[in-house]
Amino acid sequence: MGVELATDRAGFHEMEEVNFSDSELVYHVRHALQSVPLGDSDSYDQLIGVLHHKERLAPDEVALLVTSLKALSGAVSCIDMVHHKSLLSSIFGMSLWNYGPDVMDALLELILSLAASSGNYLDCSLDMLVSNFMPPYSFLDLLKQPRGLTRKDQVLSRVHSTLKDIADLVPLAPSRLVPIVIQRMPNVFTKEPLIMIYVENMLRLEGGAIRELVGNMMLVALMDRLVDLDVEIAWEEVLQDDCSKGIFEMELEDMEEPADDVENDGGELHRGSLSRKSLGGNLIAEKLDSLMVLTFEHLESCEAGGRLIEVFETLVLSFQTTVLNAFKSKFAQFVMFYACALDPENCGVRFARMLADFFVCSTFPPLNRMSAVAYLASYLSRGKFLTASFVANILERLVVWCLEYCKIHDGDINPKAHRVFYSGCQAIMYVLCFRMRSMMNVPHLRSQLLLLPLETILKHPLSPLKVCLPSIVEEFLRQAKAARLFTVSETFIFSDLLESELSRAFGGIERLDMFFPFDPCLLKKCDRLIRPNFVYWSMVRTTYDDGEDSSDEEPAEDYEASHPDDVMNDDAMARSYDSHDLELDEFDHSMNKMSITPKNSLYYRFGDELKVQMPSRIRPSTSPESL
């Protein structure tokens with residue numbers, strides 16, 4: 001044992017051979033504790049030695065430890081923080097992972113007694129329990145074996161049961177527990193198995209018996225840690241910029257093969273302007289991937305239990321304070337996307353409206369509003385679960401705001417002064433690049449889209465077509481011409497498809513002009529779960545070969561014959577964006593008949609003027625108060 005026991009088996013060690021009644025046992029321990037202030041610490045030292053035993057315990061030693069712990073539970077009132085400091089240190093330093101169920105139960109009975117006996121021991125008791133969220137490092141390999149998983153269940157079930165018991169006995173306990181859990185939360189460099197098991201316990205608290213008291217803060221702390229991991233992955237580690245290509249060209253997702261199997265000759269898998277190969281072997285990225293999947297699974301359990309909406313409100317608040325303010329977050333935001341996909345009618349709608357509210361509210365800082373509309377545009381474009389009618393309604397709100405802005409602002413191009421306006425215009429065009437065809441395929445949405453005063457906004461002296469990203473403007477104009485949205489008499493020459501000096505100016509040093517937060521996720525495990533609800537550019541893009549329709553998509557007449565319900569009812573949730581859906585033959589042919597003269601293999605210009613008339617009826621603008 002940690003302290004040498006007396007050879008004559010005197011004092012406390014006599015417990016091994018003498019049968020005590022419960023009351024006699026407590027008396028014996030009380031005597032050992034009370035003797036310390038009097039200068040007699042022999043029995044006290046032997047008691048500490050029992051608790052300090054680190055070797056594998058023989059059956060009789062296990063029995064002695066259990067007996068000692070039970071005796072201490074009955075003598076808690078005699079324990080003094082000053083005189084028995086070493087005893088308390090031994091108790092609170094014990095790891096449940098090192099013992100069997102009998103010792104665990106006796107130790108937790110003692111912890112419960114200490115927590116309930118005096119406020120002096122509450123924090124230490126809670127801290128001891130939270131420290132057992134994770135096993136000792138030496139135990140990690142055992143977790144891969146059945147007996148290790150059994151021990152894990154034995155420990156954690158008892159820890160959470162004791163936390164509930166303490167909360168029942170001490171009303172203050174939950175409020176004291178939250179900062180302890182957050183303070184003990186592993187940092188971003190902790191080994192993945194340890195941080196995973198710790199977060200499992202946090203989520204267990206969020207969904208457990210005391211969730212109403214601590215659950216919100218568990219989610220907030222988890223989102224904060226996801227963002228911490230996210231920002232540790234530098235953009236330089238994932239970007240594969242090619243300034244000779246536009247935003248849409250850089251997304252090379254092949255929908256016919258699983259992402260995990262699509263590799264080029266060099267073994268590098270590209271997705272848009274990002275490369276998953278660059279994340280291979282990145283321990284931070286792998287850790288984030290695993291934690292996000294764990295979070296996704298928790299959201300699924302919340303949805304199954306009918307409490308996803310409640311949890312989502314906490315996520316929204318966390319998003320507003322953490323994710324939205326993070327500099328070009330790369331992955332953490334997909335927690336919101338996944339929650340919305342689980343409940344599009346509630347969470348999906350709530351998220352979009354929140355982002356729109358954030359953008360149109362002038363009291364928020366410009367950068368926050370720009371970030372919000374970037375999230376909104378990317379979300380509306382990528383969420384397969386969003387109906388075309390809902391997207392159209394949100395777009396209309398953005399258009400109305402931009403129109404009101406145009407009415408009160410004159411003057412020439414000024415990217416910095418009007419950066420919020422330009423971000424709104426770019427968001428509208430970006431969404432329409434993805435969604436225009438689905439809207440044009442539904443008569444009442446087509447009418448709604450044609451009535452939007454896009455021409456008034458885009459031809460305003462502020463000239464958003466010259467300021468926004470050229471690749472987005474070009475793709476939008478191609479589709480706008482085919483859809484007969486408005487007239488553009490000016491000839492545009494796109495000398496740089498990725499960006500321009502003006503787009504860089506309105507994007508600022510944060511480059512929010514280049515921020516598309518729901519671009520395809522590069523985290524391998526997350527992608528598998530996100531993919532079924534995600535719209536890739538390859539699913540909606542249209543080719544522009546002159547005189548020939550090279551689209552692989554189904555003509556409108558065939559689509560209408562095989563999908564009459566979809567054509568008549570656009571409110572059907574998760575309208576399909578697969579390569580066999582959402583086609584409009586007339587729309588495709590109009591696009592393919594455009595006169596586009598290649599400047600070179602990457603640059604294009606419009607060879608003729610776009611002479612499509614805007615409908616004479618323009619929907620009345622909405623007053624600023626209603627925005």
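At 2% relative accessibility, Leu222 counts as buried, where buried means under 20% relative accessible area, exposed over 50% and partly exposed in between, with a 1.4 Å probe and protein chains only. The structure is a predicted model, in which local features need pLDDT of at least 70, side-chain atom pairs count only at pLDDT 80 or more, and totals for chains, interfaces and linings use all residues. Residues are numbered from 1 along each chain as its sequence is written, and side-chain values use heavy atoms, with hydrogens and water left out.

Leu222 is part of helix α10, which spans residues 211–232; helices (H or I, at least four residues) and strands (E, at least two) are DSSP runs, numbered from the N terminus. Leaving aside residues up to four places away in sequence, Leu222 touches Met185, Val199, Met202, Leu203 and Thr295, contact being defined as heavy atoms within 4.5 Å. Between Leu222 and Met185, which are 37 residues apart along the chain, the C-alpha separation is 9.2 Å.

In overall composition, the protein has 27 helices and four strands. Of its 627 residues, 56% count as buried. Among contacts with a separation of 6 or more, 78% are between residues 24 or more positions apart. The accessible surface amounts to about 26700 Å², and carbon and sulfur atoms contribute 50% of this area; accessible areas come from the Shrake-Rupley method with a 1.4 Å probe, and for residues only the protein chains shown count as cover.

Two packed helices are described by the angle between their axes and the distance between the axes. Helix α12 (residues 283–304) packs against helix α13 (residues 308–323) at an angle of about 135°, and their axes are 8 Å apart. Axes are lines fitted to C-alpha atoms, for helices over the stretch in contact, and angles run from 0 to 180 degrees between N-to-C directions. The two helices, α12 and α13, are therefore oblique to each other, since angles under 35 degrees count as roughly parallel, over 145 as roughly antiparallel, 65 to 115 as roughly perpendicular and the rest as oblique. On the α12 side the contact involves Leu299, Cys302 and Glu303, which meet Leu308, Val311 and Leu315 in α13. By class, this contact of α12 with α13 has five nonpolar, no polar and one charged residues; Ala, Val, Leu, Ile, Met, Phe, Trp, Tyr, Cys and Pro count as nonpolar, Asp, Glu, Lys and Arg as charged, and the others, Gly among them, as polar.

Helix α12 also contains Phe296, which is buried with a relative accessible area of 0%. Not counting residues up to four places away in sequence, Phe296 touches Phe334, Val335, Tyr338, Cys526, Leu529 and Ile530. Phe296 and Cys526 are 230 residues apart along the chain, while their C-alpha atoms are separated by 8.5 Å.

A search of the whole structure finds zero disulfides, a disulfide being a pair of cysteine sulfur atoms within 2.5 Å. For Cys347, which is in no disulfide, the nearest cysteine sulfur is that of Cys340, 6.1 Å away; Cys347 is buried, with a relative accessible area of 1%. Cys402 is likewise in no disulfide, and the nearest cysteine sulfur, that of Cys425, lies 4.2 Å away. Cys402 counts as buried at 0% relative accessibility.

Most residues other than glycine have a negative phi. Ser463 has a positive phi of about 50° although it is not a glycine. Ser463 lies in the loop between α20 (454–458) and α21 (464–467) and counts as buried at 16% relative accessibility.
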